[in-house]
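This report describes the fold and some local backbone features of the chain shown below.

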Amino acid sequence: MEIRRVGVVGLGTMGAGIAQVAVQAGAEVVGREVSEELGEQARSKIDHFMTRAVEKGRMEAEDKDAAMERLTTTTTLDAFADCDLVIEAIVEELEPKRELFSELSKVCRADAILATNTSALSVGSIAEAADRPERVIGMHFFNPAPLLPLVEIVQAPASSQEAVDAAYEWAERAGKQPVRCNDTPGFIVNRVLIPLLNDCVRVLDEAGVTPEDLDKAMTNGAGWPMGPCALVDLVGIDIHTHASEALHEALGEERMAPPERLLRMQGEGKLGRKSGEGFFTY
């Protein structure tokens with residue numbers, strides 16, 4: 001199937017980024033938020049980032065204007081009735097996602113692909129709530145979605161090959177670098193990266209290392225483009241901790257459990273860049 005109209009549910013940081021990817025790829029996009037005010041905020045954010053792309057010479061002004069004309073926002077799910085692909089980017093909790101997919105099943109066309117952007121939850125568990133689980137897949141974008149090329153295309157046990165292939169091909173047309181994987185805890189990147197980042201955080205206390213020196217060691221000694229402390233600050237302490245807890249619950253491996261230092265920082269509201277302080281001050 002050809003994907004021409006894309007819906008995005010939830011226009012927070014990830015959802016707005018995904019909507020931007022879709023409009024820049026030429027799709028008609030409808031984004032849903034719980035209030036008109038939040039929808040307008042997301043629209044303004046997308047306009048701001050595309051304006052910066054124009055200023056930096058990465059985008060033509062007329063292309064930016066045309067992309068913004070293809071973007072509409074709504075507060076209802078009915079607007080997704082004629083979408084070819086709907087991507088969910090709401091709160092990272094299983095029950096709200098299951099409730100949403102149950103509702104989407106009643107609104108969307110029978111052949112529409114319903115995708116979750118979850119980073120750690122089971123796509124299969126979400127799909128079970130849908131009337132047509134064979135149309136449900138995972139499409140895990142990485143933050144910031146307009147800049148990072150990777151998209152994990154996740155095939156749950158009931159996902160049809162046709163739905164997976166169509167999503168993969170659309171991601172390629174949108175300029176992304178998609179990879180296929182089965183519905184396993186953490187998929188590819190988080191399954192590898194989260195325990196590794198947890199080990200890095202534990203080294204801070206066990207080896208008496210400062211965040212500055214740890215990042216210096218990993219960028220200069222291991223070739224990382226960004227140090228682990230800076231990366232966790234960028235992702236968000238709370239986001240990393242939530243994903244870490246989900247992996248630990250699913251796999252039971254101690255390395256997956258969030259280190260005490262991260263739990264303490266989260267309790268103190270030190271969430272990284274978005275709160276102005278994490279391992280570093282912003």
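## Backbone features and sheet

F187 lies in the loop between strand 8 and helix 7 (189–206); helices (H or I, at least four residues) and strands (E, at least two) are DSSP runs, numbered from the N terminus. The model is predicted: local features need pLDDT of at least 70, side-chain atom pairs count only at pLDDT 80 or more, and totals for chains, interfaces and linings use all residues. Residues are numbered from 1 along each chain as its sequence is written, and side-chain values use heavy atoms, with hydrogens and water left out.

F187 has a positive phi, near 55 degrees, although the residue is not glycine. F187 is also buried, at a relative accessible area of 6% (buried means under 20%, exposed over 50%, partly exposed in between; 1.4 Å probe, protein chains only). The peptide bond from N143 to P144 is cis, with omega near 0 degrees.

The sheet is open and mixed, with 8 strands in the order 3-2-1-4-5-6-7-8; two strands pair if DSSP finds at least two bridges between them.

Strand 5 (residues 113–116) and strand 6 (residues 136–141) run parallel and are joined by 3 bridges. In strand 6, G138 stands opposite T116.
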